[in-house]
Every structure is written in structure tokens, then in C-alpha cells.
Amino acid sequence: MTAPRADARGRLAAVAAWQVPLLRRSVRTLAAVAGRLPSWRARLEGVGRSLDDGESWSGPAARGMAAAVRELSSATWAVDGALAESLTAFGRLAAEAEAAQELARDALALAAATDGLAHGADDGPPAFAVPAAEAALTHAATASAAAEDAGTALAGLGVRDAFLPADFTALAARVPVSQPVCVPPVPVGPPSEVAAWWAALPLAAQLTAIRAAPTAFGARDGLPAWARDQANRLLLAAALRDPGTPSYERFTARTVARRIEAEEAAGGQVQLQLLDLAGDRVVLGLGDLDTADAVAMLVPGIGNTPGDDLTGLVRDARNVAVAAGAAAPGLTVATAVWLGYDSPGSLRQTIGRAAAWDGGPALASSLAGLRAGREAVAGPVPRTTVVAHSYGTVVVDEAADVAGSLAADAVVLLGSPGMEDDARSLEVPEVYDAASPHDRVAALRWFGEATGSGSYGSTGLPVDADAGHSEYYDRNRPTLSAVGEVVAGMRARH
């Protein structure tokens, strides 16, 4: 290899003197700012959506404010993207600078050990110091390129020589808020990829996407609950308007619409998370699944359909939410009726696992999507509990078999007809069960191990000895209060 030129010592000395710890601190500061921005942007866009629907405020002033919030959202989106790109480049810069500095110091130390360098010879370092010297200068060049990339990422926002634009007007002038909204293709990957893709879109693009293709977004795991709710309400309205909607699908659509209307008339918040009328599948949330401290997914058993049983299932979900609130006052709780699978309706379906084989992966994806949607905007992940009844416990059994851990903190098994393996196979920190001696379905153990047996390994919840198979959610039974404690995270403390 050719030795460095005589000025190599000076260049190496400069690299050796770099303030790498200061650079590392700067990267950490930038990362902290970039980490807070998505959650702030999510709150801002929540205000924008409230103004956009016109329910809380209407008129010219409201429309003007909505336009201003959308403009601010677009600017925030641009800053968010530029900061993320710049942070990546700064990370490379810090890593390369640290490597360059270490190698430069090694090369200078090797050179200083020779008489030639010690007596001020004007040639480069000796041959045995050349590899370290060349490697140091290569890393230094890469660091310089990373620094340029970091600056370029912010230059589009008007940042020059570390100076920011003078004010919001100067920043907004560089953000194309009035240009046509283009929505990139929806990724076909797991919920985490969908959530990251969605969070990277500005509010205007999100709203445009929902209105243009609600079918593509209503059932998409990884999207926030508000987005799925808007998409599914558009689908619901279309099904009710369309004279060609099949009679049973129309019946189900009317049932869902009436349930939403009744809950909202009583002051509750409702989020329609899935509307598959052809597949007879509905997921309806009570409360705000995007912000609640605790979330409970209720998975019902056999013979449940949205058209015939939604009212009773919503009552159960409401009772669980009330019980959780009583267990931990001040806790915000959201519950969801998860009829995201084709509940068995015949004896042949009931005694087999086919419905659970289909429903298990769907439940696992729903849970993963709920978590991913929160994480994508740097929001706090809720305590999540799956409360399964009867055949719904078999669905949970199959959900746990999907690759990866179940995205839940606790599972409650009510009146289970038996589970495969043991409680550890559900891959959650807490597993609870309730099986009344009077429950003949639980006594059958058709699908495996009795959850109340000592060998299964779950924690028993209190039950009345005379409770029937469908009475675990009754308000006058002790099991409901215990389920509320689990949802609130208070039961484990007993």
C-alpha cells in the first residue's frame, strides 16, 4: 500500500481531536425531539379530525380553523420526515466519527513510537502505521458524507448552517400543503408495517385515502381505531343506501347502525373496527381504543351473530368496562366485541376446530394491529386483556399458535370447553379462568385440558356454584368484578 502524504499527520491529528462525545449528545437530543414529535402530531391530527367532522364546531370559523390545523399538520409531517432522515444520517456520522477517531489515535500512537516521527520527519507515518491511518481517513470521509446528508435532509425546510426558519410562515412556505394529495400503495406486510406506513402520511392524505377506498382500510390491522371507524361507517352507510344489499346483510347493517346510534345517544363513544357483512363479522369498540389506558377484547363463543346477538354482547362489554372502572377509578377503559370470526352455528362446526383455525390468526392480527398502531405514533401501549367465553377460548388457543407472542398482557378464559397444552402456551404474563361446577360445557373438556385443573396452570377467578354457562358476565355474580380487576391490572396485585 502507498504511504499517506506528509500532511497525513495533520489530518490524523485533526480527526483525533474531534469532539465525538459532544456529537453523541447532540444525536441523543435530536432523537428525543424526533421521538416526541409523532405523539404530538397525533394529538394535533385528532383535533383536526374533530374539526373536520363538524360535530363539535361548525360554520365559517370552524372551517377556517380546520384548514389551519391541516396546514400545521402538513408542516409537522414534513418536519417529522426530515428529522427522521436527518437523525439516521447523524447516527451514521457519530458511528463513523467514533471509528475514525479511534483509528487516528492508534495510527498517531504507532507513528510516535518511531524516531522519525519523534524527530519531526516530514514524511508520512511509517509503513506499519499506514493501515490504521488509511482506515481512519476512510471513516472520516464517510463521516463527512453523512454530515452532508444530515444537512441536506433539513435543507428542504429552510435550515441553513444550523439556523431554523424565522417563523411558522417561513417554514410553511417550504411545505407543499396545497398540492394534490398522493397516497402511496398500502403495504401488504404485517400490522407493524401498515402502522408505520400510515403514521408517515399527513392527515390530509389519511382522510383522502379513507374516503377514496374505505374497503381497503376498514379491515386493515395496524391502522388506528379512528381511521378504521371512519372507513367502516362509510361502508355501513353505503350498504344501507344500496337497494341491492342482500336482505340478511341489510338486517345486520341496520342492527349495527341502531346499536351505534343507541350507544352514542347515551353519551358513549363507539368505534366500528370491522364490518364484513358478507362474512357476518363485526368488531365494535366502546370507548377510544387509540388512547385508553386499558383495553379488553371480548371473544364470544358459539351461536353468536352480529345481527342477532350484538346488543347482548355490547351489554357484556359495557359491564366489563364498568367493572374495570370500579376496580381502578380514573383509569380510561375501552372494550370491544370481537366477532371477527365466523362463530360456529351447527353441531358439526361446534365440535370441530375449523372456526378457531380461521379465527385464531385473525384475533392475533387484531391484537398486533392495536399495539402497532399505538407504537407507530409513540403512544403509550395499553394494558390489553383478552376475555374469551366458551368456544372463544378455543379461538384464543389457536391465536397463541400463530408465530410470535400474543400481543396481550392477560387472558381470561370463561367456561372453556378445554384447552391444548397449558397456560404457558398462551404466551402472556397472566392467565385466569372461571368455570362454575354447574357449567356443563366446561365439564365436557371436549377440546382439551380443563382450565380449572391444577395442571393447566391458570389462576382461578371466583364463581357462584350455581352459575350457568352464560352467566359469567352477570352483574350480580362475583366473576364480573374479578374480570374487571384483571382488565384494570389490579387482580395480579391481590
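## An exposed leucine and its patch

In this predicted model, Leu 444 is exposed, its relative accessible area being 61%, which lies above the 50% beyond which a residue counts as exposed. Leu 444 belongs to helix H16, which spans residues 440–444, and together with Leu 347, Ile 351 and Trp 446 it makes a nonpolar surface patch of about 480 Å².

## Strand E2 and its partners

Strand E2, residues 281–286, is largely enclosed by the rest of the structure, because 5 of its 6 residues are buried. On one hand, E2 pairs with strand E1 (residues 270–276) in the antiparallel sense over 6 bridges, and the two strands form a hairpin with 4 residues between them, where Asp 280 in the turn has a positive phi of about 55°. On the other, E2 pairs with strand E4 (residues 333–339), again in the antiparallel sense, over 5 bridges.

## Helix H17 and its cover

Helix H17, residues 478–488, has 9 of its 11 residues buried, so this helix too is largely enclosed by the rest of the structure. Among the buried residues are Leu 480, Val 483, Val 486 and Val 487, as well as Gly 484 and Glu 485.

The cover over the buried residues of H17 includes helix H12 (306–327) along with strands E3 (294–299), E4, E5 (383–389), E6 (410–414) and E7 (430–434). After H17 comes Gly 489, with a positive phi near 80°.

Conventions
Residues are numbered from 1 along each chain as its sequence is written. This is a predicted model: local features need pLDDT of at least 70, side-chain atom pairs count only at pLDDT 80 or more; totals for chains, interfaces and linings use all residues. Side-chain values use heavy atoms; hydrogens and water are left out. Buried means under 20% relative accessible area, exposed over 50%, partly exposed in between (1.4 Å probe, protein chains only). Two strands pair if DSSP finds at least two bridges between them. Patches are made of residues with over 30% relative accessible area and no salt bridge: like charges are joined within 9 Å, nonpolar side chains (Val, Leu, Ile, Met, Phe, Trp, Tyr) within 5 Å. Accessible areas come from the Shrake-Rupley method with a 1.4 Å probe; for residues, only the protein chains shown count as cover. A salt bridge is a side-chain nitrogen of Lys or Arg within 4 Å of a carboxyl oxygen of Asp or Glu. Contact means heavy atoms within 4.5 Å.
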